[in-house]
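The sequence and coordinates come first.

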Amino acid sequence: MTTVDTHCPYCALQCAMTLTTDGESVTVSGRDFPTNRGGLCRKGWTAAQLLRHPDRLTTPLLRGADGRHRPISWQQAYELIVEQVSRVQAEHGKDAVAVFGGGGLTNEKAYLLGKFARVALGTSMIDYNGRFCMASAAAAANRAFGIDRGLPFPVEDLDRANTIMFLGSNVADTMPPLVQHLAGARQAGGLIVVDPRVSATAMLTAGGSGVHLQPVPGTDLELLLGLTHVVLTEQLFDRDYVASRVSGLADVGRSVADLWPERVQSITGVPAEQVRQMARRLAWARDNGGCYLITGRGVEQHVNGTDTATAAINLALLLGLPGRPDSGYGTLTGQGNGQGGREHGQKSDQLPGYRKITDPRARAHIAAVWGVEPDQLPGPGLPAVQLLERLGEPDGVRMLLVHGSNLLVSAPDAAALTKRLHALDFLVVSDFVMSETAHHADLVLPVLQWAEEDGTMTNLEGRVIRRRSALPAPGGARSELKILRELAERLRAPSAFPSRPEDVFDELRRASEGGIADYSGIDYDLLDGDQPVHWPYATTGTPRLFANRFSTPDGRAIMVAVRPGQQADPPATGKQLTLITGRLLEHYQSGAQTRRVDELAAAAPDARLELHPVTAAELGIGDGDEVLVSSPRGRVRCRAGLTTGIRQDTVFLPFHFPGAQSANLLTAAVTDPVSGMPEFKTSRVTVTRTADA
């Protein structure tokens, strides 16, 4: 028996765990670490069950004319990919081949995937599923602070806060070990949760522990602007902080002048007096124990997601929170490596180190590390939704390589995407199980799981950590690093492609040097030590950002005035309802992993549409009835679950399930103009009992 210290394969909290194995069976135990303090959620405790699951892929699979996948050798797989790449690019150009990555890939794989796209394929068409997660928060942070690190402070700092406001985040279900860090705020009656649902996190405010604000879905921006209005008109802002550290006060003041609390109440449904009380509480807490504003996907996954995140940042800056030792603003990264995955080259407009691909100095630096000329690097490509819309088009993308993403469950307007995938000349999916997307692939490549590979991850605090191999991979599964090296060599790429994780990380260090996300002072030996390692790390780490200056040219944060805009779908009328989507405690992302764990699948076996009993009675729907949920994009069949924990004008559907239960059959592929984030959170739907449909 051997034990290996590593981290959970799921969310960005990256809870520490120890794996005990005899080479075949594996057990998990929690390990003391600042984010989880020995605790794990249900997903973490059961994570090892997938490592030897019967659904595990162990050989490349080629789809035949009859639609069935049959085993082929790795040599055949490599030759077929190279043949298809060469043919497609000869006929349609370099950008006819695209790459789609994922926020769960290690830093090493994310880095090498970006290099592979730009050097081996010569394509600009690369993006990743982080566009469905962190894009709006990242865009807002970059334009306000000049840097994007989800939490610019350690999670442990929350322990001492008097007041914490969560906007659009249900951490009690999505990151359960984080709840222990909210004990101080709850004891002080200062946990404020903004959510249309009475979520598990909202329930933590009961008994005097805080306040739950339940706005109309899609009105978070107006609520934040209303809070800002009160802070300004009642002179609650930190005048000295704003004068010395912030730009843009006058513009923001003008932009919120007409959003007084009574008007905000008419839009959001949140009582005007409650808006005033919350603004006063935030200002009071700043001077009496500390205050944090934290956003999540619920306020960011909208066509105005960047503006909503910006409004939260503006409020935090007016209050003087960022950079204080006991206060701050942050956003909760979702995927396991959602932070590192967006730093080192998977995004269509970025190069390693969080450099802009359009910056001549950045291009020169990366080209030197890769041993190519700057003009050999392609320019910016398209963000995820726009890239996916070009699949199968005559002058668009004809071949797609997917790594670490289950597009047919996670992307919006899933029915239209299915048609576009079928219109491709060739689809390659790398995965360790036959995901819903892999079922449609021409070629499926079996890759390693988290406990079978070394590498690094970057958690929601910007803390770089080690992922360690605990057991050998089964059968013919291979590391994506080796796959990319083999393909790059066959494509005669003008640069070397290392495949040993430590060698890839060493190259990543050099590529990131001097960039916003500077990892140059980090190596595996440092990560194997006992000291925390937060980027930027050139010679020392930075657990807390903004203490003295922001990462803008003049060191001042920039408040950007934002205004309410039109929603993606027209307002609900008649018997229409507003659909919101989200996560369940038992499942993760597209569910390809967690739906295969017996304990988790038994606890939440299918999608349930949450709706209020009053709404259900008006529609003639009973608890457990099969219902049809319809939008202009498609229809979902699922069971109804009645609960008083949701607004009467709103329904909720989890997005972890495939096929006829896929929530993203209903969502629209319209995007935020700044971040490229799809509108996942508010769709207008009708709900009918199936027997009446």
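## Pocket, cavities and sheet

In this predicted model, the lining of the largest pocket is made up of eleven nonpolar, 14 polar and eight charged residues. The space in the largest pocket comes to about 650 Å³. Its lining counts 33 residues, and those closest to the pocket centre are Asp349, Gln350, Tyr354, Arg355 and Lys356. Helix H4 (135–145), strand S15 (355–356) and helix H15 (360–370) are the elements that give two or more residues to this lining. H4 contributes the most, with four residues.

The structure also holds eight cavities of 30 Å³ or more. The second largest cavity has a volume of about 90 Å³. Its lining consists of 14 residues, and Cys8, Tyr10, Cys11, Cys15 and Cys41 lie nearest the centre.

Seven strands make up an open sheet with mixed pairing, in the order S5-S4-S18-S17-S16-S6-S7. Strand S5 (69–71) and strand S7 (126–128) are the edge strands, each pairing on one side only. From one strand to the next, the twist averages 20°. In general, strands of a sheet pair through backbone hydrogen bonds, in either a parallel or an antiparallel sense. Here, strand S16 (residues 399–403) and strand S17 (residues 426–431) are parallel and share five bridges. His403 has Ser430 in S17 as its bridge partner.

Two helices are described against this sheet. Helix H2 (residues 74–92) packs on the sheet and touches strand S4 (61–63), strand S6 (97–101), S16, S17 and strand S18 (443–446). The direction of H2 makes about 135° with that of S18. Helix H3 (residues 107–121) lies across S6, S7 and S16, and runs at about 175° to S6.

One tryptophan is also considered. Trp284 is part of helix H12 (residues 272–286). Is this side chain's residue buried, partly exposed or exposed? Trp284 has a relative accessibility of 41%, so the residue counts as partly exposed; that class lies between the cut-offs of under 20% for buried and over 50% for exposed. The C-alpha atom of Trp284 is separated by 26 Å from that of Ala140, with the two residues 144 apart along the chain.

Terms used: Residues are numbered from 1 along each chain as its sequence is written. This is a predicted model: local features need pLDDT of at least 70, side-chain atom pairs count only at pLDDT 80 or more; totals for chains, interfaces and linings use all residues. Side-chain values use heavy atoms; hydrogens and water are left out. On a 1 Å grid over the protein atoms alone, a cavity is a set of points where a 1.4 Å probe fits but cannot get out, and a pocket is an open set with protein on both sides within 12 Å along at least five of seven lines; lining residues have an atom within 4 Å of a point. Grid points are joined across faces, edges and corners, and a volume is the space filled by probe spheres set on the points. Ala, Val, Leu, Ile, Met, Phe, Trp, Tyr, Cys and Pro count as nonpolar, Asp, Glu, Lys and Arg as charged, and the others, Gly among them, as polar. Two strands pair if DSSP finds at least two bridges between them. Axes are lines fitted to C-alpha atoms, for helices over the stretch in contact, and angles run from 0 to 180 degrees between N-to-C directions. Contact means heavy atoms within 4.5 Å. Buried means under 20% relative accessible area, exposed over 50%, partly exposed in between (1.4 Å probe, protein chains only).
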